[in-house]
Amino acid sequence: MKKIAVILLCICCLVVFAVVKTTNTAATIKLDTSQKKFTAGTPILIQFSSLRVVKNADLFLIHSYGKTIVKGKVDKNKLRFSIPELYAKKTGTVSWYLIQDRKNIAAGQFEIVPNDATPTLIENYLGPTTILTGQDHYTMMVAIPTDSYDNPKTDNTTVFIKDQFLDDITVTTKKTADFIAWKNIYSRTASGKMLISTQCNTALSKEFETDITPSIATNFTIDYARNHQFADGNQITRLRTSVIKDQFGNLVGDGTLVTFQVTTKNNIFLKTFAATINGVAIAQLLHPDHQEIYTVKAYVTGMAESKPIQIAYQALIRDFPYQFLEKNRKIVVGPLTSFMNQIVPDGIKVELKIFHKNKLIETKIVESAKGLATFILLPPFYKQSAYQFEITTLGVTKKTETIPYENYQ
Amino acid sequence: MSTEKSNKYLIAALLIGVVFHGSAIFFTLESTYDALIHMFFANHYATSWFEPWNYSWYTGFTVMGYPPLVHQAIGLLSLLGGLKFGLFTVAIIGILLFITGVYRYTLLITADRTVAGYAALVAVFSSSFVETLHIFGQLPSIVGVSILMHCMPEIYLWIKTGKIKNLLSAFSLLAVTICSHHVTPIFGMVFFIFPLIGTVVMDVSREKVNSYKEIRFKLFVQTLFKLLKRIIIFGAGSLVLIVFCIFPYWVNSKANPITQVPIPHGSRDNFLEVTSSGLMFFVIPWGILFFILPYVFYRYFSKRYICFGLSITLLTILGTGGTTPIPLKVLGENAFNILTLDRFTLWASIMSLPMSGEFVYRLIEGDLKTAIQNKFGNIYHRILGAAFAGSFLFFASFTITLGYFRPFQPQKINTLPLVNFLNQDQHDQWRYLPLGFGDQMATLSSQTNAKTVDGNYHSARRLPELTSRAIERLENSKFRGMEGIGSLQQFLTVPEKYNLKYVFSNDKFYDPILYFCGWHRLSQLENGIMVWERLNIAPLPKVLPKDEVPVYLKLMWGIIPILTIIIAFMVNVQSIFFKALKLKEEPKPDFFKFKVSYTRFPLKLISVLHLWVLILFIIMAFGGYKTYVANATQISPENVVKSYYDALDFKFYEKAHSFIDPRSKLSISQFMLETSVADGILNSYAKLDAIEIQIVKKTDQRTTLVAKTKWITPLEIINKDYYHETIKRNGKWFILPQKTPLDIPPDQFLSSNLTEYYKQGRRKITTQQTYHEDVLKQPELEILSAKLIQYNNEYMIVGELQNLDNSPADVIVKSTLYNKYDKELATFNAKDAIKHKILPKETTSFKVNFEEISWLKKEVNKPTTFNPNEYTPKNIAETPSNFDIQSAGNVAITDFYIQVALSDLVVENNHLKGTLFNYGIQEVTVPELIVSYYTKEKELLYVDHYFVREGVRVQRKQYFDYKLLDLTNCKIILSSLENCFVNGLPNKDLAQTIVPNRNKVMEKELLQKVNGKGFSYVKIELNNYIGNPK
C-alpha cells in the first residue's frame, strides 16, 4: 500500500510537473519592477515573476538608440532582464515587450531621466560669426546643458548666457526648453568683437566670438591731388575719398571697393578703382594728353556715392614747330616743349595724317623721343608729286601746305 | 657529358646584353612612355591582388583591361625590394628572354648554332629592341614576343614529330605569352605561327622529295592534310588558351567595349609629312637592318621560308602607317585607328633578326666575305665590315640616348612634396589633377591614395568628357589642341562634378585658364610645382561606386597568370637545365636536318645590295638638301619674316636677332631686353600655330609686309597682324627693327597700400574635422539681375551680382535651365565671363554658357583646327521656360588686383579703343575686359569678355581695340530674380536686410552710351590676371 502511495505520489508529481511545464501561459507572469523612472547611468533591472517556475523569455526593447533583444535570466520563478549599459546611459522612453515562444505576452514602458548627480557639461553653438552693425542683426547662442552621459538636462534647467561688448557685459538667465536654452544677441551700433559664453551649474563654456562688422557705406566726398595741372599724358592725379563710414559712424570694412567714374568733355566714361583702407580709398588716374575737363564721381555701387567734382587740365602746348628735311622726305616734329619750356617726357604720341589731293592715304603714329618725332616718307612708297599733312599732338592739330616731291622712277 | 660546346656567341650576347641594357635601364626606363604606367598597375596588384577595381584614375576603372602577368610579377617582386626593384628585375629578365628567344628562333630558322649566336649578338644592339625597351618601356610586349620566340621551336617540333612533350611545352609557353600581352599572341598567330606551320609543312614535304625545288603545290597540300590533325589540335588548344587564360579580360572588353574616339598616334601618320613620326616609328625600329633588307627578303622568299616571306612583306607594309593607303585598306578603318602600327615594324624587324644574323655571319666569316674579297679585295671588305659594325653600334647608342638629347618627358619631378601635400589636412578627400607631368603622373598615383580624374591608360577611360575626345590625358592637353584644352576647360569650369579641388601645375601654360575658371594659387611646393585650389567643392563621398565582377573572374585574374609561369617553368625546366649545362646528350631537334650550307653567296645579290644602299644614300642626300632649302632663311622677305617668328616662338633670341638689319646697330642685349620686357598672353603663354605673309608694298630693295599670325593660347586662339619692313643687304633680306615704346613712367620709385587677407583655417592643431567656430561664414552675395537670353540660337544666362559682405568673396555661379514642366534641360557654371574673386561691395557681370560635353555626338563635325575658346553649345531641343541660379560665395584671400584704370576710351566705327593704365605695383599679365551690353532702357542684354593681348606693366599704358558685337538677334526671354539663390538661401531674403534701400539709379549712371547694333549702352569691367605675383 505504502508502495502504491509512493508510486501515486510520484505519478502526481510527474503530472504536476508536466502541467507546470506546459501551462506556463502569459496570465501567470507579472511584472515585479514597479519603478517607471530610472536615472541614466544606473543599472536597470526588469524583473518578472510567476507562481511557478518560469520558462525563459526574451525582452524586446525599443530605445532611442535602436531596437534590441535582451535574453533573460531565470531564477526559479523569477525572470530578470538587465538593460545593456549603453542603453541605460541614454535618456528617453524605453518600450519593452516580453516575448516567449514567439508570442508577445507582456508589454510596458519606462523612462530614463538625466543623471543630475553627475557633473554638468555644456555644449554650445553660436552663429553667424559675423554680423553687421545696427538693430536688426543678431547672432544666436544655443546652449545645451547635459549630464556626464551627454543627456540633455530636463527642461527648465537654468543657463546663464553672457556677452561682452566693449565695457558692456550682459548676463541673461534662460531656462532650457526642448533641451536647449538660446538667446538672440542683437548687434550694436559700433563695430568690434563680441565675446559670448554660457554657464550651467558649475559647467562653463569656452569663449565664443562674433565680429560685428560695419554696415554699408553712406555718402561721402572726394578730393584730388596732383603734381601739376598740365595735360602731359604722363603725370598722375590721385583721387581720394573722405573717410567712408556706415550710418553709425563706423569705418567701412577694409577693402571696400570704390569705383571712380570720370566723365570727359565728350561724355566718355573712364574708370579707376580703389579699395578702402581705414575708410579711405585712393585711386590714381593718368593725366590726359590734351586740354580736358574731367568730372569725377565715386560710387560704392548701389549703396553710396559722392558728389561730382571737376578737374581741369590745361594744354601743355599751344603750338609746336615742324620741319621738312632731306627733300621733304623726312618730317621732324618738335622740339615739343612743355610748360617751363622743358622738353616733354618721351613717349608723347604724334600723329601724322597723309593726304593726297585731299584724300587721306595713311595715318602714322610715332612717339616722341627727346621732344622730337621723326617721320620718313620713303620714295618707293610715296611716289606722288605732292602731299599734304596733318600733324596732331598733345591736343593740337596743324595742317601743312601741300608739299611738292620729286618724281620717283 | 655532351660533346657539344657552349655557344660562345650566345654567352657573349647574354653578357653584353645584361651589362649594356641592364645598366642603361637605370637611366632610361623611368623616363619612357610606358614603364611608369606598368609600375602603377604593379602597385595596384601589390596592394590589392584580387580586387580589379582601381579608384585612382578616371573616377575608377578596372585593371582587367590589360593582361596582368608582367604587372603582377613586378608587384610580387616589389614585396621584396620595392616597386622599382620589381620593375628593373622584370626588365632584366625581359632582356635575357629576348636574347635567348632570338637565339632559339634563329636556330629554328637556320639550324646553325653559330648563325644563331650571331643573331643573338645582333639582337642585343638591334635598334627596335633598344627603342621598345629604352624609349617606349613596353615590358609586356617584350616579354610576350620573347616567350613567343621560345615557343616556336616547340610548335615546330609538335607539328613535325607529334610528340606530346613538345605540345605541352608549346602550350605552357603560349599561355605565358597570352598573360603578358594580349596583342602579341593574336597577331603573332597570324604573322609568326602561320608561316611557321607553312615551313613545317614545307619541311615534311621536303623529306619526301630530294630538294625544295621539287615540292609542288599538290605535294604541299597533301602534306598539309597529313599534318592537319596536329595543326588543328594545336590551333584549337591555343584558341582555348587565349580565351581561358585572360577570360576576365574578354568579359571586360565585352562589358566595356572601347567606344572611344581614336587617339591620334604617330605610327598612323604619313612618315614623309611628319618626319618625327617617321623617325620614331620607321627609321629607328628598322635601323641599320634596313640597309640589308634586300638580303632578308631574298632569303625569306626562298622556297622553304616562303610563308615567312609573305608575312614579313605584310608586316613591312603595315608598318608604314599612313604613308601609303595600304595599311588602312588592309586593316579597315576600325582596326587601323585602334592599333598602333609601330608594332608591325617591331615584329618585322624581329623577324629579320635571324637573317641579319646569317648575313653578319656570312660577311664576317662566311661566303660573303670570300665573295667580296675576291671581287673587291681585302681592304674593301674590312672597311665594309667596320662601317657596318660601327654604324650598327652607333645607331643603337643613338637610339638609347635619344631621350637624353630630346627629352620625351618633363624633367623628373620629385613627388615627395606632392605626396605629403595630399596626405596632410585631408587633402586626399578630394580629387586632384596633375598638369604637365607627362607619364610621371603614374608615379604620383602609385604613391598616394588620393584620386585623380585623369589617368594614363586611355583604354580604361570612362567619363564621356574624356572618351569622346581624342585626348589620352588631360595632363598634356595642350598638345591635343582644341579638343585637349576644350576638355580641360570643362573639367576646370565644373570641377564639383568630379570633386576636383586641387590642380598641380608643372606647366605655366595652363595658369591663365586656371585663373579665369575661378581657381587660385595655394602654394608652391618645394619641387617648384604650383598647387591651385578651387573653393566650394564637396569632398568625395565615403563610398564610391564601382563595377562589381563575379568572384570567379577575380580568382581567375589573380591566379591563372602566375600559375602559367609556374607550369611553364615546371614543364621546361628539365630541358633548360640539360641545354644550359649540357648534362645529357640530347638528340638534335628535327629542324637541324634542314640546314643550309653557306657556300656561294650570289654575286647578283651583292650588286642588288650595293644598288639598294646607293638608293638609300641618294634618298638621304635628297632629304638633307630639301631640309636645307626649306631652312634657307634669308632668300626672300617672306622667308626672313617667317624665320624670325619661328625663332621667337622657340625663344631662340640670338637667331631672331641675326635677322635684324645689321646696320640698325641693334645689339643683342638691347634686342632681348625689348622682346622680353613685354609680358602677356601672347608673349608668355602662346604657341605660334600658323603664319601667313602678305606683301603690302614691294620694291627690289625694300618691302613692307604684314605677318598674319595665329597663336594658340590656353584661353583662346589669337590672330594678330604685325607690320614689318624688310631690307635687302648684300643679297640677303633683313628685318628693320620695330620701334619700341618710348613711354616713360612718371615715378622712379613708388609705394602702394593694399588690404591683405589671411584665413587661419583650423586654429587648433587637430586631425579632426574643422571645429564649428573655425568655419568661416560664407560671404553674402546679391544677384542684382538675371536674364535668360537667346543669342545666335543659343540659350544663355546673363546677370550681375555684388558681394555685400565685408569679406572678399570667391564666386561660383551655377545655372540650370528648365522646360515648362520643370524638367531640367541643361546646367553649367559661369566660366571666364565673370570675375571670380571680388572685393567687398564689388560687382561683376556674368554669363553662363551651356556647354555640351564636346563632340559627344559623332555627327557633329569636329573642328580641325584648335580654338580653345570654342565649345559645343548644348543642343537644347525644347524652349527653356525657366531657370535658376545657385551662386555660392566663399571667403577668398588672393587675386584682387584692381589697380588698373581705364584711362582713355574712344568709341568709333563700332569699336571700343581704349587705354589701360596700371597704377599699382604688380605687372598684369592678362587683363580681361568684361563688357556688358544694355538695351536703351538700360536693361542688361548680354555679357562678353575680351582678353587683351599684351600685359600692362607697372605705371604703363596698354592699348586695346575691342570690336562691339552685333546684338540685333539677341533677345531677352525671361528676366527674373525669383529662382536665384545665394549660398543655398533665396537671393532677396538676406540682401534686403543688408541693403534695404538699394540705389538703382546709381547703377545705371555707370553705363557708357554708344550707338550699337541692338544695344545702347555698355559697361566695362576689368579682371586682371597676375602671372608672377611679387
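**Note on the predicted two-chain model**

1. Where pLDDT is low, the predicted coordinates should not be read in detail. For chain A as a whole, the mean pLDDT is 88, and 93% of the residues reach 70 or more. The model is a predicted one throughout.

2. Chain A is assigned four domains: domain 1 (24-113), domain 2 (121-213), domain 3 (222-313) and domain 4 (322-404). The centres of domain 1 and domain 4 of chain A, taken over C-alpha atoms, are separated by 108 Å.

3. Chain B is assigned domain 1 (148-257), domain 2 (631-735) and domain 3 (772-1025). Between the centres of domain 1 and domain 2 of chain B, again over C-alpha atoms, there are 62 Å.

4. Where do the two chains meet? In the model, 40 residues of chain B are in contact with 47 residues of chain A. On the side of chain B that touches chain A, the elements giving two or more residues are strand S19 (900-908), helix H29 (987-994), helix H30 (1000-1005) and strand S27 (1008-1009). S19(B) gives the most, with five residues. By class, this side of chain B has 18 nonpolar, 11 polar and 11 charged residues.

5. Within chain B, helix H3 (residues 69-110) packs against helix H15 (residues 342-365) at an angle of about 75 degrees, and their axes are 9 Å apart. H3(B) is therefore roughly perpendicular to H15(B). From H3(B), the contact uses B:Val102, B:Tyr105, B:Thr106, B:Ile109 and B:Thr110; from H15(B), B:Leu353, B:Pro354, B:Gly357 and B:Glu358. The residues of this contact divide into five nonpolar, three polar and one charged.

6. B:Thr106 lies in helix H3 of chain B. Is B:Thr106 buried or exposed? B:Thr106 counts as buried because it has 27 C-beta neighbours inside 10 Å, and the cut-off for buried is 20 or more. Leaving aside residues up to four places away in sequence, B:Thr106 touches B:Val115, B:Ala116, B:Ala119, B:Leu353, B:Pro354 and B:Gly357. B:Thr106 and B:Lys823 are 717 residues apart in sequence, and 69 Å apart in space from C-alpha to C-alpha.

7. Some backbone details deserve a check, since most residues other than glycine have a negative phi, and most peptide bonds are trans. The bond from A:Gly127 to A:Pro128 is cis, with omega near -5 degrees; A:Pro128 is in the loop between strand S10 (121-127) and strand S11 (130-132) of chain A. The bond from A:Gly334 to A:Pro335 is also cis, with omega near 0 degrees. A:Pro335 is in the loop between strand S28 (330-333) and strand S29 (349-356) of chain A.

8. Positive phi values occur at A:Asp178, where phi is near 50 degrees, and at B:Tyr58, where phi is near 50 degrees. A:Asp178 lies in the loop between strand S14 (168-175) and strand S15 (181-186) of chain A, and is exposed because 8 other C-beta atoms lie within 10 Å. B:Tyr58 is in the loop between strand S1 (53-54) and strand S2 (61-62) of chain B, and counts as buried, with 21 C-beta neighbours inside 10 Å.

Methods: Residues are numbered from 1 along each chain as its sequence is written. Chains are lettered from A and ligands numbered from 1 in the order in which they are written. This is a predicted model: local features need pLDDT of at least 70, side-chain atom pairs count only at pLDDT 80 or more; totals for chains, interfaces and linings use all residues. Axes are lines fitted to C-alpha atoms, for helices over the stretch in contact, and angles run from 0 to 180 degrees between N-to-C directions. Helices (H or I, at least four residues) and strands (E, at least two) are DSSP runs, numbered from the N terminus. Angles under 35 degrees count as roughly parallel, over 145 as roughly antiparallel, 65 to 115 as roughly perpendicular and the rest as oblique. Two residues are in contact if their C-beta atoms, placed from the backbone, lie within 7 Å. Ala, Val, Leu, Ile, Met, Phe, Trp, Tyr, Cys and Pro count as nonpolar, Asp, Glu, Lys and Arg as charged, and the others, Gly among them, as polar. Domain bounds come from an automatic or database domain assignment. pLDDT is the predictor's confidence in each residue, from 0 to 100. A residue is buried if 20 or more other C-beta atoms lie within 10 Å of its own, exposed if 12 or fewer, and partly exposed in between; C-beta atoms are placed from the backbone.
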